[in-house]
Amino acid sequence: MKRLSVIKTAFLAVILLLAACRLPVVQGKKEYIKNPVLPGWFADPTIKKFGDIYYIYATTDNEMLASGAPTVWYSRDLQNWYNYIMEVPSLNSVNLRNFWAPDILEGDDGRYYLYFGNCQAGCNIYGYVSDSPLGPWEKLHDDDTPVIANGYPIQNFPSLDAQFFRDDDGTIYGYWGTWVHYNHGYAVGVLNNETMDEVSDGTNIPLEQTPNPFEAAYPMKKGEKYILMYSAESCHNESYKVLYSYADSPFGPFNPGENNPILQTNEEGSTHGPGHHSVLQNGNDYYIVYHKHDYPFTAGGMARQVCIDSMIFENDSTIKAIVPTTRGIEAFVKSEVPENIAYQAGASASSFYHLNSPDYDYEYSPANAFDNDNATIWKAADNTFPQSLTVDLGEEKNVERVAIQFEFATYYYQYKVEYSNDNENWEVFADRSDNRTPGSPMIDDNSVKARYLKLTVLGTEQTGVLAAVWNMKVYSSAFELPIQIKNKASENEPGAASSKSLLAGFEINEQSSLKSLANTGILGDNFTVNGDLELVTDNETGERAIDFRNGFLQLDGVEVPRSLEWNGSFSVVARVKNPVIGNEGECLASWCNRRELYLANTFNAPFYNKSNYGAMAHLDGHFDMPFNNLPEANKWHTIVVTFDGVVEKVYVDGKLDNSQNMLLSSQIKGAKITIGASDVGEYYTGLMSRFAVYDYALSEKEIGEF
């Protein structure tokens with residue numbers, strides 16, 4: 001009987017197995033950590049896991065030559081990220097601004113050690129310590145002594161882009177250097193693992209051991225091999241890429257990888273200029289976390305975003321070519337965040353920006369805010385407020401949380417969220433009209449039933465920044481955040497609105513006098529003559545003009561209005577004739593103070609010369625805009641430069657000559673509106689019969705009327 005029972009049991013098991021094989025197999029939908037990973041402009045990412053939380057420390061990008069606030073992102077699932085602006089004490093000599101390429105280590109004492117590069121007092125690596133990966137941070141040296149000083153280990157060596165790793169015996173090695181193709185190769189040294197505040201035994205790695213280097217060394221160990229990965233070519237364009245070498249010792253000698261480069265711009269251009277990375281290990285799997293450029297491409301390559309892709313070792317000394325993707329990697333941590341009920345829902349907006357230039361025809365449509373894609377963004381048509389974004393959930397649903405990822409995580413936005421069931425009658429879900437706290441996402445909780453939700457953006461912290469949203473996510477239930485921490489409120493006033501007016505200008509005629517040349521714009525006052533200007537009549541055309549060979553004009557009694565600061569829109573019109581066009585100088589007008597920060601994009605001024613900043617100067621050849629077709633010398637031309645907050649354009653005699661996507665950080669403190677010179681000279685030496693500067697972008701129709 002016992003044997004019969006066993007047979008019956010086995011037979012029943014076979015029947016159940018066959019039945020199961022005929023049933024449909026229900027598989028859960030795969031989740032991916034999509035690219036870009038972070039909603040915003042961040043570069044040089046260092047990814048770490050402390051406890052059960054992942055952190056990305058990065059350079060805050062797309063402002064003041066990548067000199068934004070010191071920022072960290074944290075996540076439990078690598079899909080939903082939260083931003084925190086860290087409290088990092090400033091330097092004694094200068095106000096801390098550069099927070100470049102950070103790295104972080106957990107010390108033997110259980111504390112966290114943060115390192116980053118700064119070039120305000122010589123390009124050094126500074127160190128900080130905290131009991132938490134988020135800070136607040138304390139200096140390792142109260143007197144600002146660097147952990148790695150400029151000029152170490154050889155004279156004039158720029159100490160930036162430091163990355164550390166701990167070997168099996170506990171020794172911590174650091175690798176650093178930038179512009180290394182000019183500076184004898186990368187440097188390596190040993191970090192004192194007791195004090196964590198100094199590096200010794202520094203030496204250079206010969207250039208031939210890391211061919212074609214530029215910056216961003218990243219060390220790691222695979223088996224018994226020491227891997228030194230690094231970035232090559234120029235971070236400003238599509239040539240940027242990742243290579244590697246390997247060795248049997250942390251100090252080398254290193255052997256270049258045979259299949260270099262392993263990460264580069266792909267054929268379709270969806271991954272453009274990838275590099276400056278770190279590596280995340282999960283079990284036996286490796287992932288490269290790097291930055292790439294935005295699309296549409298912003299001039300200078302400083303609008304970068306963080307991505308993640310698989311990195312596979314063929315053996316301990318060989319890394320396979322990495323395939324960059326938009327899909328990213330399959331999630332290996334289950335997310336506890338509930339469904340985003342606004343995903344791919346119907347969307348509308350008060351306006352949206354249509355980028356229509358010689359290089360692009362691209363719409364920043366409202367649907368971009370509801371696609372869970374950090375590569376796409378909704379932008380309003382211009383920088384005026386209010387601007388609204390509405391989502392239709394399709395039917396009435398429970399709504400308990402709205403999470404908004406604005407374009408800039410480190411600026412505050414003032415806004416309100418309303419809800420409705422008929423798209424006509426609205427009630428308040430959340431009111432942040434007076435908000436001064438930055439962050440991403442901005443989270444608002446309530447408990448309502450609604451079909452429609454409307455975000456109305458009322459203003460921003462920075463002048464000229466458009467209402468723009470990477471993603472607006474809606475949840476039927478609230479959920480626990482990985483860390484309960486909030487950013488501090490900003491002390492800055494909201495950005496200024498454009499007056500939509502002519503600010504300053506003149507037009508020379510027979511009645512004009514340099515003794516009392518009135519400003520025809522709303523700022524008023526008379527122009528002050530500096531030097532020896534003359535009123536002349538052009539013999540060929542009879543046109544009256546000012547000869548600027550020996551001086552310039554300035555509005556001494558008028559402050560530059562806030563509508564021209566930061567990313568404020570503008571237009572400059574100049575009717576000019578220059579007998580000889582120089583290779584440099586020849587500034588038509590200026591209203592920025594380059595000495596305030598002396599960083600690219602903090603200065604902008606129209607020029608008329610042959611150089612790479614012949615049309616617009618921004619203090620760096622990668623950002624400046626030349627003329628495509630230099631206006632002919634000794635002839636009258638009307639040159640118009642416009643900037644609408646997104647695109648900078650130069651027109652010559654009514655025709656578009658050149659354009660580029662830009663984001664400015666214009667510094668106007670202590671500046672004056674100057675005509676015929678920059679803030680440091682660079683004098684214009686020709687004739688000018690008309691000048692005008694506006695705090696908005698003129699339309700092509702308006703330009704055609706000059």
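**Close-up views of a hairpin and salt bridges**

**View A. Asp538 and Lys577 are both buried.** The model shown here is predicted. Asp538 makes a salt bridge with Lys577, and their closest N and O atoms are 3.1 Å apart. This pair links distant parts of the chain: Asp538 lies in the loop between β35 and β36, while Lys577 belongs to strand β38 (residues 570-577), 39 residues apart.

**View B. Strands β35 and β36 form a hairpin with six residues between them.** Strand β35 covers residues 534-537 and strand β36 covers residues 544-547; the two pair in the antiparallel sense over four bridges. Glu534 stands opposite Asp547 in β36. In the turn, Gly542 has a positive phi of about 75°.

**View C. A salt bridge joins the side chains of Arg432 and Asp444.** The N to O distance is 2.8 Å. Distant parts of the chain are linked by this pair, with Arg432 in strand β30 (residues 427-432) and Asp444 in strand β31 (residues 442-460), 12 residues apart. Arg432 is partly exposed, because its relative accessible area of 23% falls between the cut-offs of 20% and 50%. Asp444 counts as buried because its relative accessible area is 6%, and the cut-off is under 20%.

**View D. The side chains of Glu632 and Lys635 meet in a salt bridge.** Here the N to O distance is 3.4 Å. Glu632 is partly exposed, with a relative accessible area of 44%, and Lys635 is partly exposed at 43%.

**View E. Asp167, Asp168 and Lys221 belong to one network.** They are joined by salt bridges that share partners. The structure as a whole holds 25 salt bridges.

How values were computed: Residues numbered from 1 in each chain as written. Predicted model: local features only at pLDDT ≥ 70, side-chain atom pairs only at ≥ 80, totals over all residues. Heavy atoms only, no water. Pairing = 2+ DSSP bridges. Salt bridge = Lys/Arg side-chain N within 4 Å of Asp/Glu carboxyl O. Buried < 20%, exposed > 50% of the residue type's maximum accessible area, 1.4 Å probe, protein only.
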